[in-house]
Amino acid sequence: KEGRTWPFVHCDESDILVCEIDGDMVGYAKWAWITAASATPSRAELNSLYVDPEHWGSGIGTLLWDIIIMTGREKNIESMDVWVLGRVRSGELYASKGCRLEENGDY
């Protein structure tokens, strides 16, 4: 959509993607590559994916997710761990993208 920008920041072991609309941050995602000692990463962990509630349903979460997946494929990532607190709505997004529940607990 018009007015959206996607600043991308690469850190040593993680990446941060920020979505801005007309200069206001409306969402971001941060993920890290999981690397065993002296091995290339084959797994990633989604540390956070946030969309401002005023922009829920606008597709920003899906766009952030799609860019994470595309970046992971470019880096030959085979799987990604996603932690979700039970009280948040994002579990629905992850399930719709093919994530499966490995375990459930209290945090």
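Modeller: Strand β4 (residues 24–34) runs antiparallel to strand β5 (residues 43–51), and eight bridges join them. Strands here are DSSP runs of E with at least two residues, helices are runs of H or I with at least four, and both are numbered from the N terminus; two strands count as paired if DSSP finds at least two bridges between them. Within this pairing, K30 has S48 of β5 as its bridge partner.

This is a predicted model, in which local features need pLDDT of at least 70 and side-chain atom pairs count only at pLDDT 80 or more, while totals for chains, interfaces and linings use all residues. Residues are numbered from 1 along each chain as its sequence is written, and side-chain values use heavy atoms, with hydrogens and water left out.

β5 also pairs with strand β6 (residues 79–82), this time in the parallel sense over four bridges. There, A44 sits opposite M80 of β6. Together with helix α1 (residues 60–74), β5 and β6 form a right-handed β-α-β unit; right-handed means that, with the strands pointing away from the viewer, the path from the first strand over the helix to the second runs clockwise.

Now for the charges. One salt bridge turns up in a search of the whole structure, the term meaning a side-chain nitrogen of Lys or Arg within 4 Å of a carboxyl oxygen of Asp or Glu. R43 makes this contact with D81, with 2.4 Å between the closest N and O atoms. Because R43 belongs to β5 and D81 to β6, the pair ties together parts 38 residues apart in sequence. R43 is partly exposed at 34% relative accessible area, and D81 is partly exposed at 26% (buried is under 20%, exposed over 50%, partly exposed in between, using a 1.4 Å probe and protein chains only).
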